[in-house]
Structures are given as structure tokens and as C-alpha cells.
Amino acid sequence: MQNELIKIRRFLKERLQRDYTTLHGHKTDRENVRQLLQRTVELGESNSLLLIGPRGSGKTTLINAVLADLVPTADFQQNTILVHLNGNLHTDDKLALKSITVQMHLENAANGKAFGSFAENLAFLLACLKSGNKRSKSVIFILEEFDLFCAYHNQTLLYNLFDVSQSAQAPICVLGATCRLDVIELLEKRVKSRFSHRQIFLFPTADTFETYLDLFEALLSIPNEKDMKQIAERVSHLKMLNSEELVIHRNHFDPAKYKFNKKFMENWNNSIAVLIDDPKSAAMISLRSYYDTDKSESFLKTLLFRLVAQLDPDSQPHITSEQMCEVISSYTVDPRVEVLCGLSVLELCLVIAIKHHSEIYDRDPFNFEIVFARLGKFAKVSTTMQGIERAVSLKAFERLRHMEVILPISSVAGKIQKDFEMHRLALTYGQINDAVHKYQALPTEVAQWAHSSIL
Ligand code: ATP
Ligand code: MG
């Protein structure tokens with residue numbers, strides 16, 4: 001049984017991290033991109049397309065999913081070359097062209113030749129693909145971080161690629177992916193006019209909490225044998241890809257390695273279903289707040305990865321409601337509490353003194369004198385806080401005001417002596433309690449004093 005859990009943990013971790021081709025949703029977009037590529041591969045049409053969407057919205061996953069769909073076709077295997085370029089890696093035309101040459105397996109042909117311009121060089125490469133009188137091979141250019149290519153000198157690479165795709169010199173498809181919504185504005189006029197203006201905008205798929213929950217369940221459940229086989233088949237297709245730069249097929253998680261005990265698997269899937277069954281449970285309420293912060297699947301995956309990584313045969317055999325609440329609460333921090341945790345012990349003691357004053361006098365305003373007197377009482381009986389100087393405390397009090405932990409209430413600031421100016425507290429008691437709880441290495445007596453004003 002222990003082994004089963006470890007297997008499940010490894011399977012889920014691998015799938016969450018290294019499943020590059022399973023796309024959820026985006027059915028029509030996927031179909032459109034597939035048809036476009038298919039037309040290039042089968043009919044030799046030239047095309048260009050931009051995928052636009054925020055980071056982590058699944059652009060790369062969509063491209064990979066479409067490629068995995070197309071790989072098994074004979075046309076694709078015999079007739080197509082994939083060229084992957086990334087704006088972060090290929091930072092100028094020369095590097096890009098070198099990489100294109102390598103990925104087209106044309107280093108030998110191009111060796112020793114001198115080219116006048118980028119266009120000549122590209123034309124030569126594409127011409128090499130024509131063998132005899134047969135139709136030339138199709139080339140699919142995938143440009144990740146497309147917007148960065150716009151910063152090239154004169155946008156030479158984009159100009160030439162789009163020019164070839166528009167004038168049908170050779171069957172190529174240019175597929176760009178970018179997170180910049182205004183990417184079209186970045187294109188120079190002569191480049192823009194050569195682009196087909198096909199654009200697909202991708203946004204997170206889970207637009208209701210219910211679909212989000214379905215996704216949650218799907219990502220944590222172990223698929224049945226039939227589905228496992230399907231995924232394994234896709235992965236074996238990917239292995240046929242021969243593009244040098246493509247890491248997805250070498251690194252892709254392989255479900256064929258896993259065989260699960262049927263009973264244990266059912267139990268596991270059941271436990272996940274039970275977890276999300278009750279919409280009013282604490283776990284679901286905190287998951288809701290997580291969803292409200294960010295709906296994207298990549299954000300959900302980071303949460304699930306943490307949950308799965310904590311599984312342990314002895315102490316944590318299932319994902320529990322408490323565990324979920326705890327992990328999610330570490331994402332949704334209160335910035336005010338963080339500010340308090342960054343204070344010095346003396347400053348925090350002042351905040352605690354203010355809290356006691358506010359509790360006793362029903363949130364009455366206070367000045368430094370009042371707070372210092374209260375702090376003095378504590379300091380007298382404490383072992384760690386003895387001998388606090390007034391001037392130092394006043395400085396600390398001013399710092400609290402500076403950070404807007406406390407706010408002055410009078411508008412005639414400056415006219416009254418600093419020690420007597422009235423202030424009010426700009427925090428809730430809960431925030432102070434949280435900070436006392438979270439503060440690293442707070443002296444125990446200070447923590448005790450925070451919870452009870454009786455000395
Ligand atoms: P970037 O702009 O940073 O390149 P991207 O749009 O290419 O981001 P991906 O790399 O495709 O984003 O996705 C990021 C993560 O989110 C991956 O782990 C991916 O599996 C997951 N993801 C996002 N959307 C989907 C989706 N619709 N289906 C499946 N997985 C998704
Ligand atoms: Mg990407």
C-alpha cells in the first residue's frame with residue numbers, strides 16, 4: 001500500500017510538471033490551428049498566424065497539442081520540417097538563421113557559401129528543400145516570444161518569413177506566440193502588410209468555479225486504463241519528432257511506466273471526489289478565494305503540485321481539507337501583517353500596548369505618553385525589555401506613524417508637541433494577533449502579553 005501511494009505521488013507530480021500536450025478547453029482554437037497547419041503540410045499552402053494570450057494561458061500547450069495530433073500522419077513525417085525559434089534564445093538575425101539552418105539539417109549545403117543578404121540566405125535554404133520536380137517540403141516556423149523578434153534590426157527575420165509566406169515561394173507556416181496584446185502595433189508597416197492578420201486570443205478556460213472544480217478533479221485523479229493508453233500513444237507519437245530543438249518529446253512524462261492497483265486507485269479517486277463534494281467546506285471556501293486571485297490553470301497546477309508533494313504514506317496518505325486550507329493561506333497573505341512582521345520587537349511591543357489601550361478604552365485615540373506608560377508597566381516585569389529609553393521608544397513610535405500603522409487624527413500636526421499628539425490605530429486586532437503568531441523568534445513573554453493585558 002505504501003508503494004502504491006508513492007507511485008501515485010510520482011505519477012501526479014510528473015503529470016503536473018511534464019505533460020506538455022494535454023490541452024483543456026480551447027476546442028475551436030485548437031481545431032483552427034490544426035486545420036491551418038494541415039493545409040500547409042498536405043496542400044503546401046503558406047500561412048501565418050499569431051497566438052496571443054497572457055502568460056500561462058496555454059499558447060505553447062496548444063501548439064504542442066496540435067503537433068501531437070499531426071505527428072502520426074504520413075504527410076507530416078515525410079514532408080514537414082519543424083523550426084522552433086525563441087525570442088529569448090535567438091536574439092539577432094544571425095543566431096536565428098544559424099539555428100534555422102541547423103534545424104533544417106542544411107549545415108553541409110550552406111557550408112562555405114557566402115550570402116549577400118538575409119533574404120538570399122533564406123531563399124537558398126528553402127530552395128534546398130525542393131528535390132527534383134517534387135513539391136518542396138513544408139516548413140513550420142514556431143516563434144515563441146514573438147514580440148522580441150520585433151526588436152530585431154529592421155525586423156529582417158519577420159519581414160522575410162512573412163514575405164515568403166505571402167508570396168508562396170515555398171510552403172511555410174509562420175506561427176507566433178506572444179503575451180503582448182498590442183503586438184500588431186510593434187510590426188513595421190512593410191511587415192504588417194505581409195502578415196495574414198490571423199490572430200487567436202487565448203484566455204483562461206475556467207470561467208466558472210464549477211469548471212475550475214472539474215479541472216481540479218481531473219488534474220488530481222488517476223485516469224482509467226483506456227485513457228492511460230491514449231496518452232501513452234500520444235507520447236509515443238511525439239517520439240517520432242526529429243526536431244533538434246524540441247525538448248518536449250525527450251522530456252515528456254510517460255504514463256506507460258505506471259501500473260496501479262485498481263482498488264487503491266479507486267479509493268484515491270474517491271477521496272478526491274469527496275474533497276470537492278461539499279461546496280461549504282473550509283477547503284472549498286479557501287479554494288474559491290484562490291480561484292478569485294487567479295483563474296489560470298498554471299496557477300492551479302502550482303497549488304496542486306505542493307499538495308501532492310506533501311503526500312506521505314505515514315503522515316499524509318490523502319489530501320485533506322486542513323492541508324488545503326493551510327497551503328492556500330500561504331498564498332493569500334495580508335500585506336499589513338507582513339509589514340508588522342518586519343517591525344523590530346520594540347515597535348511590535350508598542351503596537352501591542354496600543355492594542356491593549358484600544359481594547360480597554362473602546363478604540364479611543366492615544367498619544368505617545370499613554371502608550372509609553374503602558375509599555376513601561378510591561379517592561380518593569382519583563383526580563384528582556386528592561387531599560388527601554390524614552391527617546392528610542394519615541395523614535396519607534398514615529399516609525400509606526402511613518403509606516404501608517406497608526407494615523408494622526410488632528411489636522412494641526414506640528415503645532416502640538418510630538419509626545420502628546422493624538423493618534424488612532426489603523427489595524428484590526430486580528431491582524432495584530434496574526435503578526436504576533438507569525439513573527440519569527442518573538443520573546444515568549446511578549447507573545448503572552450499580547451494575548452492578555454494583565455501583567
Ligand atoms: P508563456 O507566455 O509564458 O509562454 P504559455 O501561454 O505558453 O505561457 P503554457 O506554457 O502553455 O503557457 O502553459 C503554462 C502552464 O499552464 C503549463 O503547465 C500548462 O500545462 C498549463 N495550462 C495552461 N492552460 C492550459 C490548458 N488550457 N490546458 C492544459 N494546460 C494548460
Ligand atoms: Mg509559451
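Helices (H or I, at least four residues) and strands (E, at least two) are DSSP runs, numbered here from the N terminus. The model is a predicted one, so local features need pLDDT of at least 70 and side-chain atom pairs count only at pLDDT 80 or more, while totals for chains, interfaces and linings use all residues. Residues are numbered from 1 along each chain as its sequence is written, chains are lettered from A and ligands numbered from 1 in the order in which they are written, and side-chain values use heavy atoms, with hydrogens and water left out.

Pockets come first. On a 1 Å grid over the protein atoms alone, a pocket is an open set of points with protein on both sides within 12 Å along at least five of seven lines, and lining residues have an atom within 4 Å of a point. Grid points are joined across faces, edges and corners, and the volume is the space filled by probe spheres (1.4 Å probe) set on the points. The largest pocket comes out at about 660 Å³. Its lining counts 30 residues, with Gly-56, Ser-57, Gly-58, Thr-61 and Ser-298 closest to the centre. At least two lining residues each come from α1 (2-18), α3 (59-70), β4 (172-178) and α17 (297-309), and α3 gives the most, four. By class, this lining has eight nonpolar, 14 polar and eight charged residues; Ala, Val, Leu, Ile, Met, Phe, Trp, Tyr, Cys and Pro count as nonpolar, Asp, Glu, Lys and Arg as charged, and the others, Gly among them, as polar.

Ligand 1 takes up the space of the largest pocket (more than half of its atoms lie within 2 Å of the pocket's grid points). Both α3 and α17 give two or more residues to the shell around ligand 1. That shell holds 15 residues (a heavy atom within 4 Å), and His-24, Lys-59, Thr-60, Thr-61 and Lys-301 come nearest. By class, two are nonpolar, nine polar and four charged.

A polar backbone atom of His-24 is 2.7 Å from a nitrogen atom of ligand 1.

Conventions:
A polar contact is a pair of N or O atoms within 3.5 Å; within protein, one must be able to donate a hydrogen and the other to accept it, and residues adjacent in sequence count only if both atoms are side-chain atoms.
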